[in-house]
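Dear colleague,

I am handing over the structure we discussed, together with a short account of what was found in it. Please keep the structure open while you read.

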Amino acid sequence: MTQSDVEPRKDAAPGSDISPDGDGAPRRLHPLTLLFASLRLARQLILPAVIAAFSRAEGDPARIATWVIGVLAVPALVISTLRYMAFRYRLGSDELVIDSGVLRRQHRVIPLSRVQNIDLRESALQRVLGVVEMHVETAGTGRGAEGSLEVLGRDEAAALRTELLARRRAVREAARELAPAGEIGGAREGAEENAIRARTVDDQAAAPVQVLALLGTGRLAVAGATANEAGLIAAALAALFQFVDEAVIARYLPILTLAERIREATLFGTIWLIAVALASLLIIGWVLSIAGSVIGYHGFTLERVGGELRKRYGLFGRRHTTVPIERVQGIRVEESLLRRPFGLATIKIETAGGSPGERRRSGAEAFVPIVSVAEVAGLVRGVFGDLDLGAARIQRVHPRSRRRAFLRYGVLSVILFVLVIAVSVLRDLDPTPAVLWWIPVLLGAAWLLAAWQYRHRGYALLPGYALARSGVLNRITWIVPNWKIQTVHRTATPFQRRHGLSTLLIDTASGGRQGRVTDLGADVAEPMVEELALRARRTTGGW
Amino acid sequence: MDASIVPAAFARIIRDMTTAPPLVDVPAFQRLDPRIATLWRVSTALNTLFWAAVVFGVIRFLSLPLPAWGIVGSLLAAGAAAILFYVPAKWCAWEFQVGDADVRLRHGVFWRTESVVPHVRIQHVDTAHGPVERGLGLASVIIYTAGTVGGALTIPGLALAEAEVLRDRLAALSGRDDAV
């Protein structure tokens with residue numbers, strides 16, 4: 001397959017020429033779609049071919065595999081050609097229309113006002129060939145992106161995206177003019193509504209490009225190094241065995257007899273070998289994680305252009321995502337255990353692009369893979385212009401939260417202790433009374449854990465935004481704008497009720513986990529439900 | 001407390017079970033139709049009988065060294081207790097309110113939940129009823145929002161006519177605003 005057109009496209013205008021107004025003519029995908037369809041097909045055929053080749057005892061495996069591929073591939077190639085021929089897309093003035101399907105024709109209309117985000121992806125191969133995949137997501141609950149155009153020429157995709165976003169803005173502004181604020185919602189407040197309009201309606205043509213984040217290789221290496229716990233465990237193991245080696249062997253080996261010494265040394269050698277193998281595996285994983293981050297996020301740039309966020313990254317394959325700011329459901333600041341000591345965090349952005357039914361595709365996009373805590377406030381302000389995160393005072397939840405957690409962990413550890421004792425008594429191991437010392441130690445640990453958990457829980461109500469924080473291993477701070485709050489829930493388990501506590505959940509249309517504040521006192525939770533419900537109904541930013 | 005739902009002898013015990021102070025003190029909360037308690041009772045009874053039969057069958061069929069009658073007896077006792085205590089308590093715990101600005105639902109005997117749905121956030125409203133509910137003249141109202149956790153909130157056990165009125169009222173209230 002070559003890059004030249006397989007057949008003359010009668011109904012499609014060339015490359016970057018998308019008519020700026022009115023309905024465009026239906027267009028076809030880039031002819032290279034056929035190449036990528038066949039590559040995908042080849043990947044799918046490898047497994048059945050291998051299975052077929054080895055499932056039969058007699059016969060030449062290679063010949064059988066060839067036959068299987070031939071029998072399966074020819075109709076598949078015909079089908080993908082037909083599919084390519086049947087596929088048409090058209091950008092209307094207020095909708096993206098996609099016609100597809102050979103036998104079962106599908107006519108899909110995506111209203112531009114519903115577009116959540118636009119994703120351009122190119123693998124290394126696609127990049128060499130100068131084509132990209134375009135995915136247009138809405139808040140629908142379908143599988144995958146609602147509008148997938150694979151493959152488009154690079155210029156064509158860029159022009160299509162620009163035009164799509166421009167028309168989307170035009171549609172939304174027209175809708176606002178038809179329905180001015182104050183007339184529709186009696187409960188709305190003018191000032192807040194105006195603030196939303198100021199945030200979302202921008203003169204895109206004259207909009208300056210504001211670079212929010214630009215990550216260098218060093219930063220990305222740090223991101224990869226702290227992405228998971230492998231590096232930490234490797235370092236800890238190495239340190240431990242260094243210690244064991246020096247302290248134990250040096251101390252005990254001289255006092256043993258020669259035979260004992262040899263046996264011990266052999267045992268130690270085996271342990272050593274296993275430890276070294278484990279440590280090197282972990283180190284390899286760690287290095288791969290660093291390399292993955294440096295390559296995958298190479299040249300990470302996040303910009304704000306008017307009312308849109310644009311993110312692009314990747315060394316070989318590249319990805320370019322555009323999210324309209326009014327579609328941002330919330331921001332999540334994640335500080336993992338490993339990153340907290342270094343003052344580092346990840347910022348994630350929630351859109352409704354993911355679907356509630358699917359757990360895998362949560363709406364959260366790694367917005368900035370690594371950022372120092374000092375920069376978080378500035379970055380968040382780049383998205384929510386009127387939010388001053390630096391001035392936010394995070395309030396602690398009720399102190400009885402600590403007592404409740406202590407009771408839980410304390411009771412659990414005592415039960416565990418009693419079980420261990422019971423088992424050892426049953427097996428005639430006769431534990432000495434000294435084991436009773438374990439009880440205060442266990443209870444102390446339970447208290448520390450409870451206090452730790454309590455310290456990492458919090459909330460704040462800022463003008464226009466609500467903050468919720470929780471998590472010990474991965475501390476997450478949710479930032480939910482008022483106009484994205486859908487419903488407010490307050491729950492209390494029997495154990496919470498004993499302490500007069502309850503949990504508050506702020507529900508938004510984002511796909512991931514929702515912001516929650518656990519163990520609020522009744523004096524705070526009740527007015528907070530009222531306040532959040534009031535905020536939710538006074539603002540209608542939509543979703 | 002509705003006398004028709006709760007046997008007088010158990011009224012006090014149930015009240016004690018649900019004395020957790022109401023989550024927010026707003027007047028004019030509505031209760032479910034008392035007939036839904038009948039439905040819950042019947043379904044609890046059927047469930048209990050079904051599981052008792054299964055357990056009995058398994059023990060007898062595999063001739064396990066377990067006291068079959070004892071286990072079945074305690075299962076039946078638990079079911080009876082649920083019918084006598086839990087179902088009325090569940091009914092008592094369920095309440096909802098349609099205010100000027102939002103819908104509030106409260107339910108749960110042990111795990112209490114209060115949900116607030118602002119009218120402007122309602123996407124659409126359904127009524128639904130199964131065959132048994134229909135036989136009793138009952139229906140559920142389901143409120144849909146764009147939220148992930150509270151995407152579909154159900155008010156069960158309303159009289160059919162009442163459910164339809166509520167559905168239309170909520171739909172009209174939500175229609176005052178455009179939540180695109």
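The notes below go through chain B, then a helix of chain A, and then the aromatic residues.

Please bear in mind that this is a predicted model.

Chain B as a whole

Chain B contains five helices and seven strands. Following the sequence, these elements come in the order α-β-α-α-β-β-β-β-α-β-β-α. The chain has 180 residues, and 43% of them count as buried. If you take the contacts in chain B between residues at least 6 apart in sequence, 53% of them join residues at least 24 apart. The accessible surface of chain B is about 8800 Å², and carbon and sulfur atoms account for 66% of that surface.

A nonpolar patch on chain B

Which residues form a nonpolar patch on the surface? They are B:F50, B:W51, B:V54, B:V58, B:F61, B:L62, B:L64 and B:L66, and together they have about 810 Å² of accessible area. One of them, B:V54, sits in helix α2 of chain B, which covers residues 35–61.

Helix α10 of chain A

Helix α10 of chain A comprises residues 400–426, 27 residues in total. From its first C-alpha to its last, the helix reaches 38 Å, close to the 39 Å expected at 1.5 Å a residue. Its buried residues are A:S401, A:R404, A:A405, A:Y409, A:G410, A:S413, A:F417 and A:S424. What do these buried residues pack against? Their partners in chain A are α11 (438–455), α12 (494–498), β19 (501–507) and β20 (515–521). Just after α10(A), the residue A:D428 takes a positive phi of about 60°.

A:L77 belongs to helix α2 of chain A, residues 61–86. This residue counts as partly exposed, because its relative accessibility is 39%. Leaving aside residues up to four places away in sequence, A:L77 touches A:S38 and A:L41. A:L77 and A:S38 are 39 residues apart along the chain, yet their C-alpha atoms are separated by 6.6 Å.

Aromatic pairs

Over all chains, the structure holds ten aromatic pairs. A:F384 lies in the loop between α9 (373–383) and β14 (395–396) of chain A, while A:W483 lies in the loop between β17 (474–481) and β18 (487–492) of chain A, so the pair ties together parts that are 99 residues apart in sequence. Are these two residues buried or exposed? Both A:F384 and A:W483 are buried.

B:F50 and B:W51 form another edge-to-face pair, with 5.1 Å from centre to centre and 75° between the planes. B:F50 is partly exposed, with a relative accessible area of 48%, and B:W51 is also partly exposed, at 47%. Both residues belong to the nonpolar patch described above.

Finally, A:Y297, A:F300 and A:Y313 form one aromatic cluster.

With kind regards

Methods
Residues numbered from 1 in each chain as written. Chains lettered and ligands numbered in written order. Predicted model: local features only at pLDDT ≥ 70, side-chain atom pairs only at ≥ 80, totals over all residues. Heavy atoms only, no water. Helix = DSSP H or I, 4+ residues; strand = E, 2+ residues; numbered from the N terminus. Buried < 20%, exposed > 50% of the residue type's maximum accessible area, 1.4 Å probe, protein only. Contact = heavy atoms within 4.5 Å. Areas by Shrake-Rupley, 256 points an atom, 1.4 Å probe, with all protein chains shown as cover. Expected span 1.5 Å × (residues − 1). Patch = residues over 30% accessible without salt bridge, like charges linked within 9 Å, V, L, I, M, F, W, Y side chains within 5 Å. Salt bridge = Lys/Arg side-chain N within 4 Å of Asp/Glu carboxyl O. Phe/Tyr/Trp six-rings, centres within 6.5 Å; stacked < 30°, edge-to-face > 60°.
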